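Colleague: I'm new to reading protein models. Could you walk me through a few features?
Modeller: Happy to! Let's look at it together.

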Amino acid sequence: MKTRLMILTAAVALGTVTAGLTATATVDGVGGAATGDATFPLSYATINAAMVDVRTLEAAGGTTISVTAQTVDESAGILLDNDFPLTIDGAVAGSVYGGELAHIRITSSGIGIAGAAAAMVINNDTGGGVTLRDLILTPSTGTGGGVSARALQSYNRAAGSTVSHLFERVMFTAIRPTGHPNAGQPVTNPFVHAASADTRVARLAELRAFSGGGGNNAVELRSNAAPSVGALMTYDLNHCYFTHIVLDAAPPLSRGGGLVISRTAEVTVNINEGCVFSYNDGSGVRTVGTLAPATADINVNGTITDPVFFIYNGWQEDITGAARNEGFYADCDVDINYAYAIGNYQDGIDFAGGGNDTISNTYIADNQRDLDTSIGVAPDTTTAANLTMTGTANTTTLANVTIHNNNAPTAGNGRTLRASFGTGTPTITASNLIASGAGDVYELVGTGAAIYNEDDSALVQDGAHTLNSVAIAGSVVQTVTDRVATGGGASDPNFVSTTFAPVFSVPFTAPAGLDDYLRVNPVGAANLAFASAASPARTNPVSAINVTGANPNGAVPVELSVFSAN
């Protein structure tokens, strides 16, 4: 009897452990093969087919849908309405796209909010977090141009609930259309334009992508279906690509970009290392007016060796619409660290004044670039800039930042930095900042009593990259400490400008070739002339502005801290 009791106790304990384990459903593109999993013993042809059983059989331990097929064709949008943790995991041995990446080609359907067209929808409540990993998400095969649907819409189904989602090594990208030599294949390099010419005509003929539909970008993250109902949502994006999104030939406004954050309250979006937003018809990232800025946070968390990129966005060239052609646009609290905002049609980074913002260790350069000269619409030279900031009472901090070379064609029209203030007392603090660009304006305008604090920074006013002017309104209260060389015979930083051309190797690996972009020549006495006699740069002449070479943190080449002792 004692022995029998021990056996029953062990069986109960084993059953408890088993119920807490993650079950795995396998998608092999065919279906019906034995898998060895107790909960999902047979494989599935599609993710949608697997979800039919997941909804019934999922348990608190969570479920993984393991995609082992190289390519899966989904005939309808994928609705992830799970109640317990769910992972969709690419697990392709020897994937032709690198790693274990699985390509999911989706025909969108009306599964979004209010029947909106979408390829994938995440609709969860507390405890139902979703992880997407090692996936390439594109439209199904078809003709070139924009597909009027969201690639992904994510929201919480109930007010007040708390959910966290993780997207890791996921591409939201274009597919080659019917008639293209590589028809049916995804675009996987986010650093090179995948059209044969730098025109929208070529893009529409050679790319097919989810345009966003309904006035949004391709991927929409929000907290709830209602615009003002709180739901504690956290999104973490690690090594994700939002690239080559295209609109229809006659684009409606505000669509065709990478990521939009909308209709949210109590939401945090972490755009982490290795994420790239590039070559989109709309903005790389934007928020919209239905955002509740006081309760929203966007954190761009690049690293020295693996930064975040906002590059060459805005191909629709719509100068009448705010937030449609920028690299990054937001009106909430934002923290950007280790990023590149390069070559976008309008602003590289645009803070619309809805929150307190910080930028550190970041390049913002070569924006207001006319990406498609055949359209004949030049970028806005009135209010756009490499970096734009507006607001009434917010605080903006810039530390170790280079702002360089606005591409506006006429001297005095291009703004390398533009801060515009209404009433109130916003504060800008710039430390270890380089602002440069031939003919560009460093501008703080408005009627508000703004506070401007600057230390150990270089507003370049000599040499090939001399600013046209530094224009700071009389209402601004300035405190400037240890500004580096303001002209009058001194030599400001000796830039070596090269083409921004990061070298792509394999997906989700940081590109090479960044150290030579817009660097300061680290050798020679000429670079020391603009440092004062007391500067450590004179007593330790490695580099007056140590950006590369001897600087171990040179992947983002801004470091003016050598002037702190001046």
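**Reading a charge, a strand and a core**

Modeller: Keep in mind that this model is predicted. We can start with Asp440, which is buried yet has no salt bridge. The nearest side chain of opposite charge, Arg415, is 8.9 Å away.

Colleague: Why does 8.9 Å not count as a salt bridge?

Modeller: Because a salt bridge needs the nitrogen and the carboxyl oxygen within 4 Å.

Colleague: Where does Asp440 sit, then?

Modeller: Asp440 lies in the loop between strand 29 (427-436) and strand 30 (441-446). Beyond its neighbours within four places in sequence, Asp440 is in contact with residues including Asn405, Thr416 and Asn468.

Colleague: How do I read the side chains along a strand?

Modeller: In a regular strand, side chains alternate between the two faces of the sheet. Take strand 20 (residues 296-301): Ala296, Ile298 and Val300 point to one face and are buried.

Colleague: Which strands pair with strand 20?

Modeller: Strand 17 (residues 267-272) runs parallel to strand 20, joined by 6 bridges, and Asn270 stands opposite Asn299. Strand 23 (residues 333-342) also pairs with strand 20 in the parallel sense, over 5 bridges. There, Val334 is the bridge partner of Ile298.

Colleague: Which residues touch the most other members of the largest nonpolar core?

Modeller: That core has 95 residues, and among those touching the most other members are Ile65, Ile104, Phe167 and Tyr442. A second, separate core of 22 residues includes Tyr340 and Phe508.

How values were computed:
Residues numbered from 1 in each chain as written. Predicted model: local features only at pLDDT ≥ 70, side-chain atom pairs only at ≥ 80, totals over all residues. Heavy atoms only, no water. Helix = DSSP H or I, 4+ residues; strand = E, 2+ residues; numbered from the N terminus. Buried < 20%, exposed > 50% of the residue type's maximum accessible area, 1.4 Å probe, protein only. Lys, Arg positive; Asp, Glu negative; His and termini not counted. Contact = heavy atoms within 4.5 Å. Pairing = 2+ DSSP bridges. Core = buried A, V, L, I, M, F, W, Y, C linked by side-chain atoms within 4.5 Å.
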